[in-house]
Amino acid sequence: MNVIYPLAVPKGRRLCCEVCEAPAERVCRACTVTYYCGVIHQRADWGSIHEKICQLLIPLRTSMPFYNSEEERQHGLQQLQQRQKHLIEFCYTVAQKYLFEGKHEDAVPAALHSLRFRMNVHGLSSVELVPAYLLLAEASLGLGRIVQAEEYLSQAKWTVLKSTECSYATHSLLHRNLGLLYMAKENYEEARYHLANDIYFASCAFGTEHIRTSGGYFHLANIFYGLKKLDLADTLYTKVSEIWNNYLNDHYQVLSQARIQQIDLLGKRFETDTGLDEAQEAEAIQILTSILNIRESTSDKAPQKTVFVLKILVMLYHQMMNSSKASFPRRAACLKWRKQSLQLNSAMFCPATLAFVPSASPYSKKIQMLLTFLAQEYATRAFNLAKEQQLSVQEQNAVQDLLNLISAEEAHPVT
């Protein structure tokens with residue numbers, strides 16, 4: 001049974017819902033340490049994050065065992081803290097990924113878990129709480145809850161102001177979310193101010209040409225695009241595209257070198273890695289797909305820019321396809337984004353097509369086939385556009401090289 005019996009709860013102990021902190025009436029049967037106010041919040045938490053961390057919560061929320069020595073007790077405390085730190089990062093990454101995929105409702109429970117673990121490890125006033133507040137603020141903005149977003153951002157801003165050890169990266173995230181807030185309120189002057197600060201602090205932390213800085217350029221470009229200042233928007237979209245191109249091209253060159261060697265010393269095919277976590281890959285897909293949609297609407301004026309973005313997406317997609325860290329859920333999310341941006345046979349994306357792939361089989365040949373097909377589709381579109389618009393032979397050859405690389409991968413898939 002999932003229902004909590006009041007007489008079974010120790011006197012003076014208050015059980016709260018994991019999602020809204022209201023008095024709990026249900027408990028998770030799998031872990032028995034997580035409580036909910038009702039079925040709706042239990043299902044929301046399970047679909048968001050709880051299914052992934054259910055069993056990991058048991059040692060964190062049960063009494064510590066009796067230790068025979070102080071040394072053993074300290075070791076147990078260190079292990080407990082390491083588990084909490086791992087869950088902080090894991091929940092944060094999952095929530096970020098949901099946000100970039102547009103799943104704002106799913107992001108909330110994961111972000112709340114990250115926030116609570118941060119409070120347990122770092123205290124109630126630590127600057128380490130700020131990233132979680134910002135995730136919750138962004139999720140609230142996506143759900144249209146402006147007032148709630150302002151509350152989370154106020155809490156984050158106050159925490160930053162009290163701290164003397166706040167990093168440039170945290171300042172960057174704060175200003176980016178403040179910029180998004182003012183964009184939602186259509187106060188574009190304030191939004192530009194905060195996004196400019198976001199770019200400044202991200203540049204101090206990572207450099208002006210880093211992918212972590214590109215998000216600020218992208219959101220600033222969106223403002224100018226909405227204000228019909230197309231020249232400024234175009235410059236910034238180009239900047240973002242170049243940043244991602246430079247980053248992915250480095251990995252593409254590594255892959256090309258491995259292609260020449262064919263196999264490594266162990267006799268296995270070389271497996272590339274994008275160097276990105278799941279949230280960063282989802283962000284790249286979101287940003288580049290959005291830029292592609294804008295470029296394609298004006299491809300008759302600047303076809304080379306459309307081809308450029310298509311090539312970047314091919315590189316990203318191809319490297320994700322071969323990534324040694326790839327998992328089925330991430331690839332399924334990738335398919336969702338591609339379905340939105342490509343007019344393809346919908347049967348390839350129906351649940352029946354993907355259902356045959358077990359989550360424990362991240363290197364499924366059939367998923368690889370779908371991913372290869374989509375990479376080829378982007379590359380083919382780029383090549384056809386380059387020929388139609390009579391772009392330079394060098395440009396056409398570059399796209400042809402990508403097509404050849406994908407074809408070679410299809411002929412000799414990673415196993």
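The following legends describe close-up views of a predicted model of one protein chain.

**Figure 1. Overview of the chain.** The chain has 415 residues, and 48% of them count as buried. Its secondary structure comprises 15 helices and 2 strands. Among contacts between residues at least 6 apart in sequence, 63% link residues at least 24 apart.

**Figure 2. Helix H2 and the glycine that follows.** Helix H2 covers residues 70–100. Its 31 residues reach 45 Å from the first C-alpha to the last, and this is close to the 45 Å expected at 1.5 Å a residue. Just after H2, glycine 102 adopts a positive phi of about 80°.

Figure 3. Tyrosine 98 belongs to helix H2. Tyrosine 98 has a relative accessibility of 6%, and therefore counts as buried, since the term applies under 20%. Leaving out residues up to four places away in sequence, tyrosine 98 touches Gly47, Ser48, Lys52, Lys103, Asp106 and Ala107. The view also includes alanine 279, which is 181 residues from tyrosine 98 along the chain; the C-alpha atoms of these two residues are separated by 7.8 Å.

**Figure 4. The largest pocket.** Rolling a probe the size of a water molecule over the atoms shows where empty space is left. The largest pocket holds about 840 Å³ of space. Its lining consists of 39 residues, and those nearest the centre are Tyr92, Gln96, Phe100, Glu138 and Leu173. Two or more lining residues come from each of H2, helix H3 (104–122), helix H4 (130–142), helix H6 (168–184), helix H8 (211–226) and helix H10 (278–297).

**Figure 5. Helix H10.** This helix has 20 residues and reaches 29 Å from its first C-alpha to its last, close to the 28 Å expected at 1.5 Å a residue. Of the 20 residues of H10, 14 are buried, so the helix is largely enclosed by the rest of the structure. H10 is also among the elements that give two or more residues to the lining of the largest pocket.

Figure 6. In soluble globular proteins, nonpolar side chains tend to be buried together. The largest nonpolar core contains 99 residues, of which Trp244 and Leu316 touch the most other members. Helix H11 (residues 303–322) makes the greatest contribution to this core, with 10 residues. A second, separate core has 5 residues, including Ile4, Leu15, Ala24 and Val27.

**Figure 7. The contacts of tryptophan 244.** Apart from its neighbours within four places in sequence, tryptophan 244 is in contact with Ile211, Ser214, Leu276, Gln280, Ala284, Ile287, Leu288 and Ile312.

**Figure 8. The polar contact of aspartate 198.** Aspartate 198 lies in helix H7, which covers residues 188–206. Because its relative accessibility is 0%, aspartate 198 counts as buried. Its side chain makes a polar contact of 2.8 Å with the side chain of arginine 176. When residues up to four places away in sequence are not counted, aspartate 198 touches Ser172, His175, Arg176 and Gly216.

**Figure 9. The polar contact of threonine 170.** Threonine 170 is part of helix H6. With a relative accessibility of 12%, threonine 170 counts as buried. The side chains of threonine 170 and serine 167 are joined by a polar contact of 3.0 Å. Residues up to four places away in sequence aside, threonine 170 touches Val127, Val130 and Val160.

Figure 10. Most residues other than glycine have a negative phi, and most peptide bonds are trans. Glutamate 21 has a phi near 65°, a positive value in a residue other than glycine. Glutamate 21 is located in the segment before strand E1 (26–27). At 48% relative accessibility, glutamate 21 counts as partly exposed. Lysine 228 also has a positive phi, near 65°. Lysine 228 is placed in the loop between H8 and helix H9 (230–261). With a relative accessible area of 66%, lysine 228 is exposed, because that term applies over 50%.

Notes. Residues numbered from 1 in each chain as written. Predicted model: local features only at pLDDT ≥ 70, side-chain atom pairs only at ≥ 80, totals over all residues. Heavy atoms only, no water. Helix = DSSP H or I, 4+ residues; strand = E, 2+ residues; numbered from the N terminus. Buried < 20%, exposed > 50% of the residue type's maximum accessible area, 1.4 Å probe, protein only. Polar contact = N/O pair within 3.5 Å; in protein donor to acceptor, adjacent residues only side chain to side chain. Contact = heavy atoms within 4.5 Å. Core = buried A, V, L, I, M, F, W, Y, C linked by side-chain atoms within 4.5 Å. Expected span 1.5 Å × (residues − 1). 1 Å grid on protein atoms, 1.4 Å probe; cavity = no way out; pocket = protein on both sides within 12 Å on 5 of 7 lines; lining within 4 Å. Points joined across faces, edges and corners; volume = space filled by probe spheres on them.
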